[in-house]
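This report describes a single protein chain, from its overall architecture to selected details. The structure is shown first.

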Amino acid sequence: MPTGFSSPAPLRLSLDTAALEHNWRWLAQMSGRATCGAAIKANGYGLGAAEVMGHLSQAGCRDFFVATWAEARALLPLADGLSLSVLHGIRNEDIAEALTGPARPVLSTPDQIARWRNANGGPCDVMVDTGMNRLGLDWRSDVARATEGLTIATLMSHLACADDDNPLSAIQQRRFAAIAQQVPAERYSLSNSAGICLGSDYHFGVTRPGLALYGGVPRPNAAGHIRQVVTPQAQVLQRRTVRAGDTVGYNATFTATRDMAAAILNIGYADGYLRGFSGRGMVLAGDRPLPVLGRVSMDLLIVDASLAPGVSEGDWLSIDYDLPRAAAASGLSQYELLTGLGQRFDRIWT
């Protein structure tokens, strides 16, 4: 079967550059007057942060967000002329790196603010918690007084329920808008991917999409606009015949009712294709769907190849990894499906 490219490993991610850039441009259009950034934490949601940063910066993105200083450090060769924010703030161990590099800390606690002031730190970002009760200064506190004297590049908060119709989103928006009136900053930021889809009241000055960049559909109005970026592909290790009455895989959860062909693939839950896909997932041989049989193993997957007589050892098959559909089949979130992709994949941008 034609593959389009070769891979030295028997497991690869086919990553669509054009789809990634298209998704960012659509999110930028949806952001209206706000600048559209990109969350590239967790190794670019599993795709490779450096590659994502490179592709999106070429598309026009200038604002990037990571979780830790280690993630920021790995991106410094690409960060010239770009804005890079570290969402987890600063510990004492991070001060020297934060003072000397181009990345900015996102300060979330009074202790972090004091640490930054005592170090004579320059521009920073500040996180305000408006109802998620995760990171950030409490919205009920005197945020203006707590941040007095700081040079704030971006004042931000984070929506807890933007992917559904929970009234908390509107409450958070109002709280953040009120704080933005009191705290001087160069820019203000509230929306993730789902928040962008809630409309202009949520956009402020900078949006911070993550999931939707990589093919996730955060809200129904994004369906049809977001393109799939990630397609896992695995090589067939063996084709075999399963006789009627034989069982398949661990714990014998599948019993063949007829003689059938099975293909054994080089992928399993150690690679992020988790056991939630057992008996529910789908593999594609061209446009032919091949159902997953039995339990997903650590390193191996068994699929029904009866409808694909041409599939044989050494062929490459694509995993059905349309994120909304795969999430519904597996019971996993779209975020887990992306960030759980393992290190044994060759990541190949096409």
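## Basis of the model

The model is predicted; local features require pLDDT of at least 70, side-chain atom pairs count only at pLDDT 80 or more, and totals for chains, interfaces and linings use all residues. Residues are numbered from 1 along each chain as its sequence is written, and side-chain values use heavy atoms, with hydrogens and water left out.

## The chain as a whole

The chain contains eleven helices and 20 strands, taken as DSSP runs numbered from the N terminus (helices: H or I, at least four residues; strands: E, at least two). Its C-alpha trace spans about 75 × 40 × 35 Å along the principal axes. Of the 350 residues, 52% count as buried; here buried means under 20% relative accessible area, exposed means over 50%, and partly exposed lies in between (1.4 Å probe, protein chains only).

Contacts are defined by heavy atoms within 4.5 Å. Among those between residues at least 6 apart in sequence, 64% join residues at least 24 apart. The accessible surface comes to about 15400 Å², and carbon and sulfur atoms contribute 49% of that area; areas follow the Shrake-Rupley method with a 1.4 Å probe, and for residues only the protein chains shown count as cover.

## Helix α1

Helix α1 comprises residues 17–30, and its end C-alpha atoms are 20 Å apart, in agreement with the 20 Å that 14 residues should span at 1.5 Å a residue. The expected span is 1.5 Å times one less than the number of residues.

The buried residues of α1 are T17, A19, L20, E21, N23, W24, W26 and L27. The elements that cover them include β1 (11–15), β2 (35–36), α3 (49–59), α9 (193–196) and β20 (346–349).

## Charges and salt bridges

The chain carries 30 positive and 32 negative charges, whose mean positions are 2 Å apart. Lys and Arg count as positive and Asp and Glu as negative, while His and the chain ends are not counted; each charge is placed at NZ of Lys, CZ of Arg, CG of Asp or CD of Glu. The structure holds 13 salt bridges, each defined as a side-chain nitrogen of Lys or Arg within 4 Å of a carboxyl oxygen of Asp or Glu.

One of these joins the side chains of D125 and R104, at 2.9 Å from N to O. D125 lies in strand β7 (residues 124–129) and R104 in strand β6 (residues 104–107), so this pair ties together parts 21 residues apart in sequence. D125 is buried at 0% relative accessible area, and R104 is buried at 14%.

R243 and D259 form another salt bridge, with the closest N and O atoms 3.6 Å apart. R243 is in the loop between β12 (230–242) and β13 (247–248), and D259 is in the loop between β14 and β15 (260–265), so the pair links parts 16 residues apart in sequence. R243 is partly exposed at 47% relative accessibility, as is D259 at 46%. In the salt bridge between R325 and D320 (2.9 Å, N to O), R325 is partly exposed at 48%, whereas D320 is buried at 15%. Salt bridges with shared partners also join D271, D299 and R344 into one network.

## T255 in strand β14

T255 belongs to strand β14 (residues 254–255) and is partly exposed at 40% relative accessibility. Leaving aside residues up to four places away in sequence, T255 touches G245, D246 and T247. T255 and V66 are 189 residues apart in sequence, and their C-alpha atoms are 46 Å apart in space.
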